Every structure is written in C-alpha cells, then in structure tokens.
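Here is a short note to read beside the model. Keep the view open and follow the points in turn.

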Amino acid sequence: MRRAAYTVCVLLAVSWVSDAQPRVNADAALTADFLQRVTSYVKLHKEAAAGLPPLKPGTHNEGIPEYERLLRERIRELRAGAKQGDICTPAISAELRRLIGMAMRGADEKRIRESLRRAEPVILSLHVNDPFPEELPLQSTPPTLLLNLPRLPPEVDYRIAGNSLVLRDATANMVVDFVPNALGGRK
Amino acid sequence: MNRRQFLLGTALGFAHAELFAENPPAFAFPLQADSVRFAIIGDSGTGGSAQFEVARQMVKQRAALPFTFVLMLGDNIYGGHSPSDLKKKFDEPYRPLLSEQIKFYASLGNHDNPDERFYEPFNMGGKRFYNFRRGNAEFFALDSNYMDPTQLDWLKKQLSLSSARWKICYFHHPLYSDAHFHGPDTDLRKRLEPLFEENHVDVVFCGHEHVYERLKPQNGIQYFVLGNSGELRAHDLRPAAEMAKGFDTDRCFAMFEIAGDRMYFETISRVGEVVDSGVIEKSK
C-alpha cells in the first residue's frame with residue numbers, strides 16, 4: 001500500500017514538472033519580450049533627449065515643465081502612431097496581470113489595496129503619448145507589486161491609474177503604454 | 001484645550017483631551033557647539049498665506065535654535081510647476097531662510113513632479129533618493145511614491161554602510177498614522193520597517209497627512225508625521241494607543257538638535273505656540 005502511494009506521488013511529481021517547465025519558459029519568454037520592447041523605447045527616449053540640453057540640477061531651474069513638454073514632443077514625433085498594446089501586447093498584458101495576481105494573494109491583497117486607497121487614487125482617461133496631468137497627484141505604486149514585476153530601467157516606471165497599470169516615461173512624464181484592468185476587481 | 005476640543009473629546013468618549021491639550025515640558029535647546037540643528041516641514045507648497053506664516057515663524061524661531069538646514073517631507077510644490085509656481089510656493093516664502101544660506105533637502109510627495117529632483121534649491125542632486133551626513137547623523141531621503149527593488153537595495157546597502165551614530169529616514173507616506181483621511185501605508189511598512197530595524201534607524205519623518213503626530217516608539221523607532229506646514233486637515237486625528245502627541249488644529253513645523261546621544265525637538269505652530277517638545281535618547 002505504501003509502495004503504491006509512493007509510486008503515485010512520484011508520477012504526480014514527474015507530471016507536474018513536465019507540465020510546469022514549458023509554462024516557466026513561456027513566462028520567461030514573455031518577460032524577455034516585454035523588456036526588449038522597453039529597451040527599444042528607452043533607445044528612442046535617449047534619441048529624443050539627445051537633441052535637448054541635458055536635464056541636470058541647475059540647468060532647468062526655471063523650466064522643468066517646459067523641458068518635459070519639449071521631450072514629449074520629440075518622443076511623439078519619433079513614435080507617431082504608437083498605440084496601446086505596442087509594448088504591452090495582449091500576451092504581455094496577460095503575463096503582467098498574472099504577476100500582479102501573484103503579488104496580491106492572501107494578506108498581501110488587503111494590504112496592497114489599502115495602500116492604493118491611501119495614496120490618493122486617481123482615475124485618468126489614458127492615451128498613449130499623453131502627459132500625466134500636472135495638477136493631479138501621481139499615485140504611488142505599492143512596493144509589493146513592484147517586487148513582483150520585471151525590473152525597469154530608470155527612464156520608465158510603473159504607475160497605477162484607476163485599475164490600470166501604466167508604463168510611464170519617468171522624465172517626460174507621459175504614458176508610454178498601459179495594461180487595462182490590471183488589478184482585477186475592486187474589493 | 002479649548003471648549004470645542006474638550007467637547008469633541010468628551011463626545012467621542014476617549015482620552016482625547018489629554019492627547020491634544022497636554023502641555024509640553026519646559027524646554028530649552030542645549031545649543032551644544034558641535035550639535036546638528038535642523039527643521040522639518042511637510043506638505044508645505046501651497047503658496048497660500050498659511051505657508052508664508054509658517055515660514056515667518058521658522059525665521060523667528062531660529063533665535064531659539066539656529067538650525068542650518070531643513071528637511072522637506074514631500075508635497076513641496078502643489079499643482080503647477082511653472083517658474084511662477086516655484087517662486088510663489090518655495091522661493092518667496094522661504095527667501096529669508098535661503099538668504100541666510102539655510103539649505104533645503106527635499107523628498108518627493110505624490111503631488112510633486114518627480115523631476116523636482118533637478119530643481120537646484122531642493123539639493124536632491126537629480127536623484128529620487130539620496131543620503132547625506134551632518135556631524136554624527138546621516139539622513140536618508142526616500143521616494144515613497146515608488147519604492148522599487150532598486151531603491152530598497154540601495155537603502156539596505158547605504159544603511160548597512162553607515163557609521164553614523166544617528167540614522168534618520170524621511171519620506172512622504174507614513175508607515176504609522178492615526179489620521180482619518182489617509183491612514184498608514186502598511187504595504188510600505190512591510191518593506192521598510194524590517195530594514196529600519198535591522199540597521200538601527202532611530203527616527204523616521206513623514207508627511208502626507210495634513211496634521212502633526214508623534215507616535216510612541218514602534219519597535220524601537222521614533223516616528224513623526226508632519227504634513228501641515230502649508231496644508232491643514234483640521235480635526236482629522238483619531239486618538240489611539242500608539243499616539244504620543246497629536247495636533248490638528250493649525251499648521252506647524254518642528255526643530256531638532258542632535259547633541260551626542262540626545263535629540264531635542266520642539267514643534268511650533270503657525271502662531272508660535274509650542275505644541276510638542278521632548279528629548280529622544282539614542283537607543284543603545
């Protein structure tokens with residue numbers, strides 16, 4: 001009897017490993033694809049910024065919003081026609097939602113949702129290449145979510161707006177792409 | 001304690017009066033020769049008359065403690081960030097202090113444009129998070145809007161490398177708060193508090209809530225919330241066992257002197273009333 005149970009356990013384990021391995025590879029491939037697309041965007045961002053005086057302490061004391069506006073204009077020229085889903089493709093969006101779902105399990109979900117509520121949540125009508133409105137607060141992103149998402153280069157960051165996960169250009173303060181319904185249902 | 005505060009405390013049925021009306025102890029800064037002297041302001045950048053009044057009070061109170069720098073706990077500039085906004089919400093109110101070479105060290109709040117890190121008078125060196133040392137104290141300005149793994153790794157490393165006697169962290173969103181409007185950010189607490197404890201952080205300053213609150217030490221760390229140097233959310237505090245002192249009826253700022261193993265502090269209202277004061281002993 002014990003031997004039979006042992007055999008069943010081994011078979012189940014082998015079956016789980018053989019099922020899980022392709023899934024892990026598929027997830028890793030999606031993350032790699034996402035980061036490759038982000039890298040391409042950062043290259044474009046650097047190309048756009050190269051035509052402007054560098055943003056360093058003291059160089060734009062009187063015109064940081066003006067610098068951001070000029071940078072946005074150049075980026076828009078270089079990616080005219082960019083649309084939602086160019087970077088966060090449907091498959092990548094599904095993967096990012098899955099990673100967020102993993103972060104929001106058990107007690108973490110309550111804490112993350114509380115954190116979102118306490119950060120002055122904003123609801124925005126999101127459009128790729130649009131600026132984040134300067135007069136609205138920029139909602140903080142719970143650290144537990146950030147720990148579960150792929151690490152980004154400093155030129156871009158993850159932001160929450162309503163129920164969406166936004167990929168934001170951190171210097172131009174603009175929407176690069178976004179994942180709608182990233183946080184699942186409100187609880 | 002005024003009549004309204006008494007009635008509110010009575011009506012809510014707890015020791016409200018004690019929290020709001022406790023008289024600060026008689027107090028004088030030691031003004032020790034090699035001490036570290038600074039002030040803190042939070043949620044200041046409205047450009048409104050109250051911000052200017054607090055700023056004037058800061059100038060006046062330098063007679064009691066000639067502080068040499070100011071920590072900004074975020075929401076340094078509300079709304080627009082045009083040149084005229086920066087002038088009205090920072091340069092003009094604090095001009096008397098800036099002209100005395102008082103340095104401001106900002107951290108970012110949710111109303112700040114993150115590119116404020118390039119605004120030279122904020123002394124952030126173009127960084128969202130940074131540290132600096134004064135005497136026997138090291139200060140760590142964090143960006144609580146975006147506590148990503150890069151920042152957590154940096155903080156862990158810098159805290160562990162620090163040889164300062166006093167380690168002080170400041171950022172916008174509070175880990176503990178008894179204000180009703182927002183409340184504590186417990187997800188941020190889960191990630192930061194273990195680092196603070198492990199690396200013997202002594203004091204943490206936060207803003208975000210438009211009130212003043214000093215908490216009883218939490219796991220050996222002294223937490224202050226001060227987010228009413230410009231904004232005010234009157235009567236927003238809810239007394240709790242963890243609260244050591246609360247003040248939510250006017251704007252304020254606070255001054256600190258670190259002398260050896262003691263940190264002296266005094267919290268001053270817009271009209272010059274001492275609303276809190278005390279001494280924090282360095283934990284062994």
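1. In what order do the 6 strands of the open sheet in chain B stand? The order is S3-S2-S1-S11-S12-S13. The pairing is mixed. Keep in mind that this is a predicted model.

2. Look at the edges next. They are strand S3 (103–106) and strand S13 (274–281) of chain B. Each has a single partner strand, so one side of each is left without a neighbour in the sheet. On average, neighbouring strands of this sheet are turned by 20° against each other, direction ignored.

3. Now take one pair. Strands pair through backbone hydrogen bonds, either parallel or antiparallel. In chain B, strand S1 (residues 36–41) and strand S11 (residues 252–259) run antiparallel, joined by 5 bridges. For B:Ile40, the bridge partner in S11(B) is B:Ala254.

4. A helix packs on this sheet: H3 of chain B, residues 49–61. Helix H3(B) touches S1, strand S2 (69–72), S11 and strand S12 (262–269) of chain B. The direction of H3(B) makes about 30° with that of S11(B).

5. Turn to the largest pocket. Its volume is about 580 Å³. The lining has 32 residues. Closest to the centre are A:Pro153, A:Pro154, A:Glu155, B:Arg117 and B:Arg128.

6. Which elements give two or more residues to the lining of the largest pocket? From chain A come helix H1 (2–50), helix H2 (64–78) and strand S1 (156–161). From chain B comes helix H6 (149–161). S1(A) gives the largest share, 4 residues.

7. Finally, sort the lining of the largest pocket by class. It has 17 nonpolar, 4 polar and 11 charged residues.

Note on methods:
Residues are numbered from 1 along each chain as its sequence is written. Chains are lettered from A and ligands numbered from 1 in the order in which they are written. This is a predicted model: local features need pLDDT of at least 70, side-chain atom pairs count only at pLDDT 80 or more; totals for chains, interfaces and linings use all residues. Side-chain values use heavy atoms; hydrogens and water are left out. Two strands pair if DSSP finds at least two bridges between them. Axes are lines fitted to C-alpha atoms, for helices over the stretch in contact, and angles run from 0 to 180 degrees between N-to-C directions. Contact means heavy atoms within 4.5 Å. On a 1 Å grid over the protein atoms alone, a cavity is a set of points where a 1.4 Å probe fits but cannot get out, and a pocket is an open set with protein on both sides within 12 Å along at least five of seven lines; lining residues have an atom within 4 Å of a point. Grid points are joined across faces, edges and corners, and a volume is the space filled by probe spheres set on the points. Ala, Val, Leu, Ile, Met, Phe, Trp, Tyr, Cys and Pro count as nonpolar, Asp, Glu, Lys and Arg as charged, and the others, Gly among them, as polar.
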